[in-house]
Amino acid sequence: MMLKGIIFLLFGLGLVLMIPQYVKRYKAEKNIENLLVLMGIILLGSSSIVLGILEFI
C-alpha cells in the first residue's frame, strides 16, 4: 500500500508541474479544446494527490 501511495503522489506531482505548460498553450490559442485539457490535467493531478494521501491513512 505504501508503494501505491508513493506512485499516486509522484504521478500527481508530475501532472501539477505540467500545468504551466498547458496554461501557456491555452493563453496562446484560447480555444475550448485547450481549456478542457487544462481542466482535465488540474482535476486528474489533484485527485491523484488526494488518492496518494488517502493510501497512507
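## Two helices, packed together

Helices here are DSSP runs of H or I with at least four residues, numbered from the N terminus. This is a predicted model, in which local features need pLDDT of at least 70, side-chain atom pairs count only at pLDDT 80 or more, and totals for chains, interfaces and linings use all residues. Residues are numbered from 1 along each chain as its sequence is written, and side-chain values use heavy atoms, leaving out hydrogens and water.

**Helix α1**
- The 28 residues of α1 (residues 2-29) should span 40 Å at 1.5 Å a residue, and this agrees with the 41 Å between its end C-alpha atoms; the expected span is 1.5 Å times one less than the number of residues.
- At Ile19, α1 bends by about 35°, with Pro20 following within four residues; the bend is the angle between axes fitted to the seven residues ending there and the seven starting there.
- Ile19 is also one of the buried residues of α1, along with Gly5, Gly12, Leu15 and Tyr22.
- After α1 comes Lys30, with a positive phi near 55°.

**Helix α2**
- From first to last C-alpha, the 25 residues of α2 reach 37 Å, close to the expected 36 Å.
- Its buried residues are Asn34, Leu38, Ile41, Gly45, Ser48 and Gly52.

**An exposed residue**
- Met2 lies in helix α1 and counts as exposed (over 50%) because its relative accessibility is 55%.

Definitions and conventions. Buried means under 20% relative accessible area, exposed over 50%, partly exposed in between (1.4 Å probe, protein chains only).
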